Amino acid sequence: MAVPTLNYSHFISGTKEQRETFSHDLLDSFERTGFAKLKAHAFNARELTELFNWGHKFFDRPLDVKSNIPNETGPRPMRGYTPWRVEEVGKLHHDAQEHFDQGPEYDTEYPNKWPQEPELAGFQDFMEEFYRKCDSVCLTLMGALEVAWGIDDGSLVARCIPSATDLRLTHYPTIPVDEMKSSGTSRIAPHTDFGPITLLFQDSTGGLEIEDRTTNTFVPLPPTDTMEMIVNVGDTLTRWTNGKITGGIHQVTTPESMKGESGLVIPPRMSMAYLFKAERNTSVGPLPKFVTKESANYPEITAFEFQRWKNRIVYNVEEEEHARTFDRFIETPKAIKLQA
Ligand SMILES: O=C(O)CCC(=O)C(=O)O
Ligand SMILES: [Fe+2]
């Protein structure tokens with residue numbers, strides 16, 4: 001299942017025909033694979049290097065310093081720092097990672113938490129600018145879907161303004177290959193993201209895998225070019241399309257070249273996920289275009305209710321003990337009934 005690389009600039013500054021081809025190719029890739037890769041996008045190599053440099057500077061700070069801006073667990077949007085919860089090692093599922101989460105700068109209800117150390121002066125400015133640029137890419141891609149669906153009226157884009165996106169920088173510290181073999185330990189367990197789409201940049205370490213829908217197995221999505229932007233379909237797009245486009249299941253595990261080895265240590269890894277979210281009060285129920293005679297497969301709930309519901313399921317530590325499979329991380333048309 002090859003994930004095609006599409007030329008983003010064709011949509012931004014191409015001819016009408018190039019815009020249409022890009023839009024249809026994007027939709028086709030989303031429908032077939034749940035993913036797409038973009039080149040010639042809004043970011044240059046310098047900006048991406050700077051992004052990962054900031055990530056390193058942040059995660060290199062001592063734990064007690066990072067813990068000055070703690071993320072509060074619960075269904076609320078994540079803000080600030082979440083440590084690698086070493087105490088969870090004995091649990092059924094354990095992700096070996098730490099992350100920093102950032103929301104919209106205008107969000108006064110769930111304000112961002114920025115480190116105040118002089119060593120990190122400039123982090124906030126850089127990340128806010130990076131966030132704005134990612135938002136603009138996501139809105140542009142919503143526009144491309146409108147073109148592909150023949151509803152070129154701004155209605156899909158409008159559902160995402162202002163977006164309630166969470167940007168996540170994740171650091172996966174070194175971990176022995178043998179520890180990753182123990183059941184329930186991963187860098188990130190198989191899941192789909194909650195919003196319409198996610199933009200992802202990864203460093204050159206490897207380990208990202210996506211579900212190949214033709215074989216129902218995980219296959220590596222190697223960092224052939226760290227400039228490459230990966231876009232994955234998330235649960236909100238599944239709901240908006242009444243199940244027509246399903247979210248791309250992905251995980252981060254041992255890099256392909258180290259599988260089958262013993263006694264080695266997997267190098268650290270860093271990624272940036274722009275977990276694009278619709279405007280909070282927008283419905284994530286099916287769009288009129290996708291509801292036919294039979295009833296809608298998904299209820300009319302707001303994007304914010306949906307996010308809280310998913311956060312409660314995925315991050316509720318007590319429930320974690322009961323998770324026998326990863327099914328609850330993944331939204332499929334089968335798992336559509338809201339229980340809460
Ligand atoms: O680190 C990665 O490549 C993936 C991160 C991810 O899937 C997420 O944050 O939802
Ligand atoms: Fe993800």
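Reader: Which residue in β14 is the bridge partner of L208?
Author: V252 is the bridge partner of L208. Keep in mind that this is a predicted model.

Reader: OK. How many bridges join β11 to β14?
Author: Three. β11 covers residues 208-212 and β14 covers residues 250-252, and the two strands run antiparallel.

Reader: What sheet do they sit in, and in which order are the strands?
Author: An open sheet of four strands. The order is β9-β14-β11-β12, with antiparallel pairing.

Reader: Which strands stand at the edges?
Author: β9 (188-191) and β12 (217-220). Each has a single partner strand, so one side of each is left without a neighbour in the sheet.

Reader: How are neighbouring strands turned against each other?
Author: By 25° on average, direction ignored.

Reader: Switching to the metal. What coordinates the iron ion (ligand 2)?
Author: H191 through NE2, D193 through OD and H250 through NE2. The distances are 2.1 to 2.3 Å.

Reader: And what spacing do the donors follow along the chain?
Author: H-x1-D-x56-H.

Reader: Where do D193 and H250 lie?
Author: D193 is in the loop between β9 and β10 (197-202), while H250 is in strand β14. The pair therefore ties together parts that are 57 residues apart in sequence.

Reader: Are those two, D193 and H250, buried or exposed?
Author: Buried, both D193 and H250.

Reader: Now the whole protein. How many helices and strands?
Author: 10 helices and 16 strands. Of the 340 residues, 55% count as buried.

Terms used: Residues numbered from 1 in each chain as written. Chains lettered and ligands numbered in written order. Predicted model: local features only at pLDDT ≥ 70, side-chain atom pairs only at ≥ 80, totals over all residues. Heavy atoms only, no water. Pairing = 2+ DSSP bridges. Axes fitted to C-alpha atoms, helices over the stretch in contact; angles between N-to-C directions. Buried < 20%, exposed > 50% of the residue type's maximum accessible area, 1.4 Å probe, protein only. Donors = N, O, S within 2.8 Å, 3.2 Å for Na, K, Ca; no water.
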